[in-house]
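Let's take a walk through the inside of this protein, looking at its pockets and its packing.

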Amino acid sequence: MNKVAVLGAGIMGAGIAQVAAQGGYQVLLRDLQKSIVQDGLVTVEKNLAKAINKKRLSTEQRDDILSRIQTCTDLAEVHDADLVIEAVVENMAVKKQIFAELDHLCPPHTLLATNTSSLSITEIASATRRKDKVLGMHFFNPVPAMKLVELVQGMETSHDTIERARQFTKQIGKQEVVVHRDSPGYIVNRILVPYINEAVFIKGEGLANAEEIDMAMKLGAGMPMGPLELADMIGLDIVYAVILVFYNEFRDPKYRPHQLFSTMIRAGYLGRKTGRGFYRYSNGENQEVLNN
Ligand code: NAI
């Protein structure tokens, strides 16, 4: 495997392009408009500058990494990639359309991976004639810092595909965990999102305020961050959307979201990104406890 194409130069795509280039691969980063790809590259440059400041990277290494990242807006240019990692919007119709096009453009050996958080790998693979070479490659945000990649098998993903993906994740310095069944949330989010939901139930039932709940989990369970701080960081709209996927897909009431989610979302209390969630934020950082 030599050449990796990354589709989508947003939060995840830029990070994935960076770690692939750091791993020695030739990378082609693609988005719909030049300005978006450019923004993605600026993100990579900023990340590398931070690494230089921390003396983890030399300027020669930075230049080397950046020289391996090419950009494009035309999907046809990914035709010679050995691995394509798709990180575009979380929309099944858009992803299926892209996978159908990739199937026509790329040679038969090319692996087609999706970074989807909640959509079915099996359904995305169904848009291609190479279902055995389609897999989930689920990175975590921020990609350069987070060590894990979940490699997810769709119904027809082959053993060989998983092995090749495993070699890639090792080469870029990540630790993979193979998820043997295509099921919403895989491992991490299947545990994490209901955990956050339970914290929202505890808050909604008035057992404690946000700061007390977060402190309890940090000091009592050794969590680096409390569940409600984490919800504010991820965005309440995102957490709510994921728990609803679980609820609808499994038809199991244990995934019922607390009603507080919809009230807060309607009020625009989405967390850090809107300046208010379970806490209030100024300059994106400072937290003030809200006791309501
Ligand atoms: P984002 O909104 O930052 O970036 C998505 C990019 O895709 C945008 O730059 C957009 O211009 C581009 N795009 C939209 N339609 C496109 C198309 N047809 N062809 C090419 N590019 C197109 O989104 P983000 O957060 O990077 O998420 C991307 C994927 O990664 C989603 O599937 C998401 O569920 C998944 N994911 C997100 C995580 C996160 O924490 N943000 C974590 C793990 C997975």
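Which residues lie nearest the centre of the second largest pocket? They are Q18, N47, R56, P144 and A145, among 24 lining residues. This is a predicted model, where local features need pLDDT of at least 70, side-chain atom pairs count only at pLDDT 80 or more, and totals for chains, interfaces and linings use all residues. Residues are numbered from 1 along each chain as its sequence is written, and side-chain values use heavy atoms, leaving out hydrogens and water.

A pocket here is an open set of points on a 1 Å grid over the protein atoms alone, where a 1.4 Å probe fits, with protein on both sides within 12 Å along at least five of seven lines; lining residues have an atom within 4 Å of a point. Helix α1 supplies the largest share of the second largest pocket's lining, seven residues.

Now move to the largest pocket, lined by 50 residues, with M12, S117, N141, I234 and I238 nearest its centre. Domain 1 (3-179) and domain 2 (189-282) both contribute to this lining, so the largest pocket lies between them; the domain bounds come from an automatic or database assignment. Here α7 gives the largest share, seven residues. Helices are DSSP runs (H or I, at least four residues), numbered from the N terminus.

Finally, find F168. Leaving aside residues up to four places away in sequence, F168 touches M1, V4, A20, Y25, L83, I85, M137 and F139, where contact means heavy atoms within 4.5 Å.

Terms used: Helices (H or I, at least four residues) and strands (E, at least two) are DSSP runs, numbered from the N terminus.
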